[in-house]
Every structure is written in C-alpha cells, then in structure tokens.
Amino acid sequence: MVSGLLRASTQRIGMVWLCLCSLLLPAMGHAESFLQSLRKYDLNDYALGIGVGAGQNLYADTEASTFFFPYLTSLEDSTLTKSWLVTESVGIGGRYLSADGAWEIGALGRVQTLGFGPDTGPALAGVESRGWTVEGGTMVGWRGAPVQVNLKHYWELLGRHSGTTSELRFSYPIDNPNGYVVPYLALIRQSSKYTDHYFGVADAQSTPERGAYEPDAALNLKLGVRLGYRLNPDWLLSGEFGVQFYDETVTDSPLVSRDQTASMTLGVAYNRG
C-alpha cells in the first residue's frame, strides 16, 4: 500500500514538472541565460526564521489551532523581486520570469493545514479524521502594475484524496525602505473530490444527528495582507493575516460550524548579510 502511494505521488510530481518544463523551455529561448541567473543567485537575499501560526477551525466542536514552524523568507516579497526562488509562510517553489519581468511561470509545494486538529467534540465522533497533508502545484502570473494576477493549481501528493484546488489571486504590492505591504484578494476553487474528502459524510459515518452529505465543487473568497518589516539590517519581522469566506456547499456540511475563518502567521527571521 505504501509503495502504491509513493508511486502515485511520484507520478503526480512527474506530471507537474513535465508540464512545467514543456511550457518553460520555449519561453526561455535558451537555457544558458537561466543557468547564469542561478549562478548569480545570492543566498544573502534570504533569511531563516521561526514562525507561529494561528487560526480558527472550520469544523464543528473544534478549537482554534496554533503551531510553530521554521521557514525561509525573502527580505522582500516575491511580488517585488525577480528572484527564481519563491517563498511563502507554509510553502516554497521556483519560477522563471520573462525577459521583461512581466510574466512568471513555476512550480511550488506547500503544507495544507486544513483538518480536525487534536481536540474534537461529539459532532465529529465516528468521522474519519482529516489531517494535514502536502500539496504540489504549478503557477503562472502577470506582474503588471499596479495589480499583479497569479493563478495556482494544486494536487495532493500523499495519496489521501484525488481532489484539486485552484487559486486566482490579485495582489497590490507596496514597497518601502523598511519593508513591504501586499494586500490581496483570492478566489479559491475546490473540486468536488476535494470538498468530499474534507466536508463529505459517508453513509457509514452518518447518524440521526449527522446525515450523509456529498458536497459539490466550492468557490471561496479570501481577503488578506502580507507584511514585512526590517527591524535592523539582520532581522526581518514578517506575517500574513487573512479571512476566508466559504461557499454554501462547504458551510452546509454537518461537519462545519463556520461560514468564515480568520488566520494569521507571524515570524522573525535572521540573515547576517
């Protein structure tokens, strides 16, 4: 079983990179310039840090979650740089930029933190737990001014479900000498297989109080802002705050007790440049 899951995950990763390479190679014209950009890459533009994340839990009879995590971050937001390495609070990836810097294409991975959490109440008794997982995906974006548009598509990599998510994000990056502010609006589509895994109730897990439920695909809205502030030349304080509003097919699930959730991450990183 384990080997089967590994094979399935490997195949998905391979398909992602195959599609990515087929798009990248024509756009690059020749690979030499891209390799030269890698050789010129300066790790001093990035910093290692420790962060804390907290957020409301969407599920019924659960508590808000708090977790700590190490992370790699840029001294500037990726919307403001032309670096090939893209960092997020719970994800990391690589990208290629067109010669004029207006277009980007890449691949990335992230930790998906949607799940029941350690403490659950009677509303979830007898329901198979939904745990954290790892997702990989591709992205393409337009880095125009003043608003940047980015489309990402994610697959689950550990074989727990076959659903996908897509995110269309509109960002308005603001740079300043001491840091950055990037407010954004995102439309998040979750496939029916994705919502069924996280919010569906199988017949075998239904009770008189909790009926069987099979959700449709969902379209959610998220509003948020990413922040970065240089405390001094060596230390960077960064964070992200967001509120997500859920589709009715999600909130109608007997497993769910909220129609919106708030979340945040906050971290401090060090780079002795």
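Which residues of helix α3 (residues 192-199) are buried? I looked up Y194, T195, Y198 and F199, and these are the buried residues of α3. Buried here means under 20% relative accessible area, exposed means over 50%, and partly exposed lies in between (1.4 Å probe, protein chains only). The four cover an arc of only 95° around the axis, so they sit on the same side of α3. That arc is taken from the directions from the helix axis to the C-beta atoms.

Before going on, I noted the ground rules. This is a predicted model, in which local features need pLDDT of at least 70 and side-chain atom pairs count only at pLDDT 80 or more, while totals for chains, interfaces and linings use all residues. Residues are numbered from 1 along each chain as its sequence is written, and side-chain values use heavy atoms, with hydrogens and water left out. Helices (H or I, at least four residues) and strands (E, at least two) are DSSP runs, numbered from the N terminus.

**Cover over α3**

I then checked what covers the buried residues of α3. The cover includes β5 (103-112), β6 (133-142), β8, β10, β11 and α4 (248-251).

**Strand β10**

I followed β10 (179-190) next. Two strands count as paired if DSSP finds at least two bridges between them. β10 and β11 run antiparallel, joined by 12 bridges. Within that pairing, R189 has L219 of β11 as its bridge partner. Strand β8 (residues 164-171) is also antiparallel to β10, through seven bridges. There, T165 is partnered by Q190. Strand β9 (residues 174-176) runs antiparallel to β10 too, with three bridges. D175 has Y180 as its bridge partner in β10. I found a hairpin of two residues joining β9 to β10.

**Two residues of β10**

Is L187 buried or partly exposed? L187 is in strand β10. L187 is partly exposed, because its relative accessible area is 32%. I188 is buried, because its relative accessible area is 11%.

I listed what I188 touches, leaving aside its neighbours within four places in sequence. Its contacts (heavy atoms within 4.5 Å) are S166, E167, A218, L219, N220, K222 and Q244. The C-alpha atoms of I188 and S166 are 5.7 Å apart, although 22 residues separate them along the chain.

**A nonpolar patch**

β10 and β11 each supply at least two residues of the patch.

**Salt bridges**

How many salt bridges does a search of the whole structure find? I counted five. The test is a side-chain nitrogen of Lys or Arg within 4 Å of a carboxyl oxygen of Asp or Glu. One of them joins R226 and D77 at 2.9 Å, N to O. R226 lies in strand β11 (residues 218-232), and D77 in the loop between β2 (65-74) and β3 (85-88), 149 residues apart. Both R226 and D77 are buried.

E104 and R95 meet at 2.7 Å, N to O. Both E104 and R95 are buried. E167, already noted as a contact of I188, forms a salt bridge with R169 at 2.7 Å, N to O. E167 and R169 are buried too.
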